[in-house]
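Open the model in your viewer and keep the selection tool at hand. Each stop below says what to select and what is there.

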Amino acid sequence: MLFRFLILSDEVDDFKREIKIDSEATFLDLHNAILDSVGYTKDQMCSFFICEDDWSKKTEITLVEMDTASEEDNYIMEDTRLEELLEDEHQKLLYVFDYMTERAFFMELREIIPGKDMDKPECSISLGTPPVQIMSFDDFTPKAGGTQDLGEDFYGDSEFDIDELDKEGFDGLEGPMENPFDDERF
């Protein structure tokens, strides 16, 4: 059985890769196929994340063994076959290629092709220039919201007055509220 993945970037509008790979291949094989298709070096930490439909991360597949004390299963790219974790068309994945800035490719399992197999992965569509592999943290600007200048009132009114607090909803408070900053220590 073959898997056909579509790979996109939120950094470069015209970037698109399509990779066909055997379902029995490992996530390491897919990792190498992606890096080869974009010309990235293979010396960086990377991870795949199986995602929900809203792109929230569910299961992580790491490049190397991570020492975790969690009760969750640890999946290593070299030891995990694609077919072990992927079974539905339109399954979404993230491929984090720059850990410091959390930059990633958005992937979708576009098609499952039964009755065929491949010896090695193939990049069947290669459009656009990929984003740079490593971006210094100083050069990185997140796309969420467009601005990082939140202003002094982002977290609420800068003229906070404790006397304006309403006791309703605060169980256990009796009598008038006292302002702890009225104490002479402050």
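Select Phe48 and Tyr95. Phe48 stands opposite Tyr95 in strand β6. Strands here are DSSP E runs of at least two residues, helices are H or I runs of at least four, and both are numbered from the N terminus. This is a predicted model, in which local features need pLDDT of at least 70, side-chain atom pairs count only at pLDDT 80 or more, and totals for chains, interfaces and linings use all residues. Residues are numbered from 1 along each chain as its sequence is written, and side-chain values use heavy atoms, with hydrogens and water left out.

**Stop 1**

Pairing requires at least two DSSP bridges between the strands.

Pick Ser47 to find Thr62 of β4 opposite. Follow the hairpin of β3 and β4 through the 5 residues between the strands. Stop at Trp55, where phi is positive, near 75°.

Show the side chains of β3. Which residues point which way? Ser47, Phe49 and Cys51 point one way, while Phe48 and Ile50 point the other way. In a regular strand the side chains alternate between the two faces of the sheet. Both sets in β3 are buried. Buried means under 20% relative accessible area, exposed means over 50%, and partly exposed lies in between, with a 1.4 Å probe and protein chains only.

**Stop 2: helix α1**

Select residues 27-38, helix α1. Draw a distance between the end C-alpha atoms: they are 17 Å apart. At 1.5 Å a residue, the 12 residues should span 16 Å, which agrees. The expected span is 1.5 Å times one less than the number of residues.

Next, colour the buried residues of α1: Phe27, Leu30, His31, Ala33, Ile34, Leu35, Ser37 and Val38. An α-helix has 3.6 residues a turn, so residues three or four places apart point the same way. Step past the end of α1 to Gly39, which has a positive phi near 75°.

**Stop 3: salt bridges**

A salt bridge here is a side-chain nitrogen of Lys or Arg within 4 Å of a carboxyl oxygen of Asp or Glu. How many salt bridges does this rule give? The count comes to 7.

Select Arg4 and Glu18. They form a salt bridge, with the closest N and O atoms 2.6 Å apart. Arg4 is in strand β1 (residues 2-9) and Glu18 in strand β2 (residues 16-22), so the pair links distant parts of the chain, 14 residues apart. Glu18 is buried, at 9% relative accessible area.

Glu111 is partly exposed, at 29% relative accessibility. Show the three side chains together: Arg4, Glu18 and Glu111 are linked in a network of salt bridges.

Move to Arg103 and Glu11. Their side chains meet in a salt bridge, 2.8 Å from N to O. Arg103 lies in β7 and Glu11 in the loop between β1 and β2, so the pair ties together parts that are 92 residues apart in sequence.

**Stop 4: two loop residues**

Select His90, in the loop between α2 (82-85) and β6. His90 is not a glycine, yet its phi is positive, about 70°. His90 is partly exposed, at 43% relative accessibility.

Then select Glu102, in the loop between β6 and β7. Here too phi is positive in a residue other than glycine, near 60°. Glu102 is partly exposed, with a relative accessible area of 46%.

**Last stop: the whole chain**

Zoom out and colour by secondary structure. The protein chain has 2 helices and 8 strands. Along the sequence they run β-β-α-β-β-β-α-β-β-β. Of the 186 residues, 34% are buried.
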